[in-house]
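Please look through the model below before reading on, with the sequence alongside it. The explanation then moves from the whole chain to a few local features.

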Amino acid sequence: MNVGGSRDVPLEIDADELARALAGADAPALVDLRPAPERALGMLAGARAIERQALESGIGELATARDEVLVVYCASGVRSLACARALRARGRAGVRRLRGGITQWAARGFDTQVPEGSAAAGLTAAQRERYSRQLRLPQVGAGGQRRPLAARVRGDGPGGRGPPALPYPAAAEV
């Protein structure tokens, strides 16, 4: 998508407007600014992963035209706002940021995809949502979360019925 050198391109784009733009023939380039543990939970389809600190060195690979529309996003929109402003100050008129970040995108019901080779690739969308905090921790990650999901507990008690407290963890899906 090309803005034709116009400097009056709005700084922000909301999830609905971005979905329409991505469905069009002249879709903007997407850049995910989040660190790898956050990206493992899901990205917009076709997005290029460049952490905010490395954006200056990788931006030339994404868009050769300085007026090409480029949508940057993060989790909630704070990091992408700072980045979009910095890139505009450097002369990239077509840079926009996704208002509300990928959190807003997912809340509106739009799809995200787990990057290939990501540790979270084997988890369902519901599991990624439920265990998102644990998945972000390097000490736990997706591998650490899969172990308890695969674990089985055997409870023997009087009369072969198991201890009275056994149904509670099962009901809590522990």
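The paragraphs that follow treat confidence and fold, then a pocket, a loop residue and an aromatic pair.

This is a predicted model, in which local features need pLDDT of at least 70 and side-chain atom pairs count only at pLDDT 80 or more, whereas totals for chains, interfaces and linings use all residues. Residues are numbered from 1 along each chain as its sequence is written, and side-chain values use heavy atoms, with hydrogens and water left out. The pLDDT, which is the predictor's confidence in each residue on a scale from 0 to 100, averages 76 over the protein chain, and 68% of the residues score at least 70. Over residues 1-6 the pLDDT stays under 50, and for this stretch the model has 16 contacts beyond four places in sequence, a contact being heavy atoms within 4.5 Å.

The protein chain has nine helices and five strands, taken as DSSP runs numbered from the N terminus (helices H or I, at least four residues; strands E, at least two). Along the sequence they follow the pattern β-α-β-α-β-α-β-α-β-α-α-α-α-α. Among contacts between residues at least 6 apart in sequence, 63% join residues at least 24 apart. Of the 174 residues, 37% count as buried, that is, under 20% relative accessible area, with exposed meaning over 50% and partly exposed in between (1.4 Å probe, protein chains only).

The largest pocket has a volume of about 390 Å³. A pocket is here an open set of points on a 1 Å grid over the protein atoms alone, where a 1.4 Å probe fits and protein lies on both sides within 12 Å along at least five of seven lines; lining residues have an atom within 4 Å of a point. The volume is the space filled by probe spheres set on the points, which are joined across faces, edges and corners. Of the 14 lining residues, Leu41, Ile102, Ala106, Glu129 and Arg136 are the closest to the pocket centre. Helices α5 (101-107), α6 (125-130) and α7 (132-136) each supply at least two residues of this lining.

Ala40 lies in the loop between α2 (36-39) and β3 (48-49), and counts as buried because its relative accessibility is 17%. The C-alpha atoms of Ala40 and Leu135 are separated by 8.3 Å, although these residues are 95 apart along the chain.

A search of the whole structure finds one aromatic pair. Trp105 and Phe110 form this tilted pair, at 4.6 Å centre to centre and with 35° between the planes; rings of Phe, Tyr and Trp (its six-membered ring) pair if their centres lie within 6.5 Å, and planes under 30 degrees apart count as stacked, over 60 as edge-to-face and the rest as tilted. Trp105 is buried, with a relative accessible area of 6%, whereas Phe110 counts as partly exposed at 25% relative accessibility.
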